[in-house]
Amino acid sequence: MKTEYILLKETALNNNCPECYSNDSMVLSFKQQRLKSRFLVKTKAYVIESIECQKCENTIFPGQWTQDIERVYDYHKKTLTPKSGSLHFTGLFYGLLLVIVLLAGAGYLYMYRPDLLGL
């Protein structure tokens, strides 16, 4: 399965970075995980959030957040509208399902109703 992420929201924060104390270099992002394979596409319901400093290139974990960062995070989380978790099948899945049903039907006719096939 191939994993990709749907970017729901990304915003720049005006708060100071707890690591390098730079201002205007942090980015808050909200993402949802999507798993793709040949037969299905599954979108997870939970949201992955992260805060990264672009200057020092560190991920800021919740234990390092200040009250200001928490306040801004809570505000942006309230404005977020995540997509619901879903499961979609691809055309290959439906094509394979059709072939299996046709083969099962032909097997039934061959075994139990050969008179319909002219045998």
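**Reading a predicted chain: cut-offs and conclusions**

Biologist: In which helix does His-76 lie?

Modeller: His-76 belongs to helix α1, which covers residues 67-78. Note that this is a predicted model.

Biologist: Why is His-76 called buried?

Modeller: Its relative accessibility is 12%. Buried means under 20%, so His-76 counts as buried.

Biologist: What makes the pair His-76 and Lys-9 a polar contact?

Modeller: The side chains of His-76 and Lys-9 are joined at 3.2 Å. A polar contact requires N or O atoms within 3.5 Å, so the pair qualifies.

Biologist: Which residues is His-76 in contact with, leaving aside its neighbours within four places in sequence?

Modeller: With those neighbours set aside, His-76 touches Lys-9, Thr-11, Leu-28 and Phe-30. Contact here means heavy atoms within 4.5 Å.

Biologist: How many disulfides does a search of the whole structure find?

Modeller: The search returns zero disulfides. Cys-17 is in none, and the nearest cysteine sulfur, that of Cys-53, is 3.7 Å away.

Biologist: Are Cys-17 and Cys-53 buried or exposed?

Modeller: Cys-17 has 0% relative accessibility and therefore counts as buried. Cys-53 has 2%, so Cys-53 counts as buried too. Over the chain, 22% of the 119 residues count as buried.

Biologist: What makes β2 and β3 a pair of strands?

Modeller: Ten bridges join β2 to β3 (residues 40-53), and the two run antiparallel. Pairing needs at least two bridges, so β2 and β3 are paired. Within this pair Leu-35 stands opposite Lys-42 in β3. The two strands form a hairpin with three residues between them.

Biologist: How many bridges join β3 to β4?

Modeller: Two bridges join β3 to β4 (residues 59-60), also an antiparallel arrangement. The requirement is at least two, so β3 and β4 count as paired. Glu-52 stands opposite Thr-59 in β4. This hairpin has five residues between its strands, and Glu-57 in the turn has a positive phi of about 60 degrees.

Biologist: What joins β3 to β5?

Modeller: Four bridges do, with β3 and β5 (residues 86-89) running antiparallel. Val-41 stands opposite His-88 in β5.

Biologist: What pattern does the chain follow, read along the sequence?

Modeller: The order is β-β-β-β-α-β-α-α, from three helices and five strands.

Biologist: What radius of gyration would a compact globule of 119 residues have, and what does the chain have?

Modeller: Such a globule would have a value near 14 Å, whereas the chain has 25 Å. The C-alpha trace spans about 85 × 25 × 20 Å along its principal axes. Among contacts between residues at least 6 apart in sequence, 60% join residues at least 24 apart.

Biologist: Where in the chain is confidence lowest, and where is it highest?

Modeller: Helix α3 (residues 114-117) has the lowest mean, 74, and strand β2 (residues 26-36) the highest, 93. The chain averages a pLDDT of 88, and 97% of the residues score at least 70. Where pLDDT is low, predicted coordinates should not be read in detail.

Key: Residues are numbered from 1 along each chain as its sequence is written. This is a predicted model: local features need pLDDT of at least 70, side-chain atom pairs count only at pLDDT 80 or more; totals for chains, interfaces and linings use all residues. Side-chain values use heavy atoms; hydrogens and water are left out. Buried means under 20% relative accessible area, exposed over 50%, partly exposed in between (1.4 Å probe, protein chains only). A polar contact is a pair of N or O atoms within 3.5 Å; within protein, one must be able to donate a hydrogen and the other to accept it, and residues adjacent in sequence count only if both atoms are side-chain atoms. pLDDT is the predictor's confidence in each residue, from 0 to 100. A disulfide is a pair of cysteine sulfur atoms within 2.5 Å. The radius of gyration is taken over C-alpha atoms; the globule rule is 2.2 Å times the number of residues to the power 0.38.
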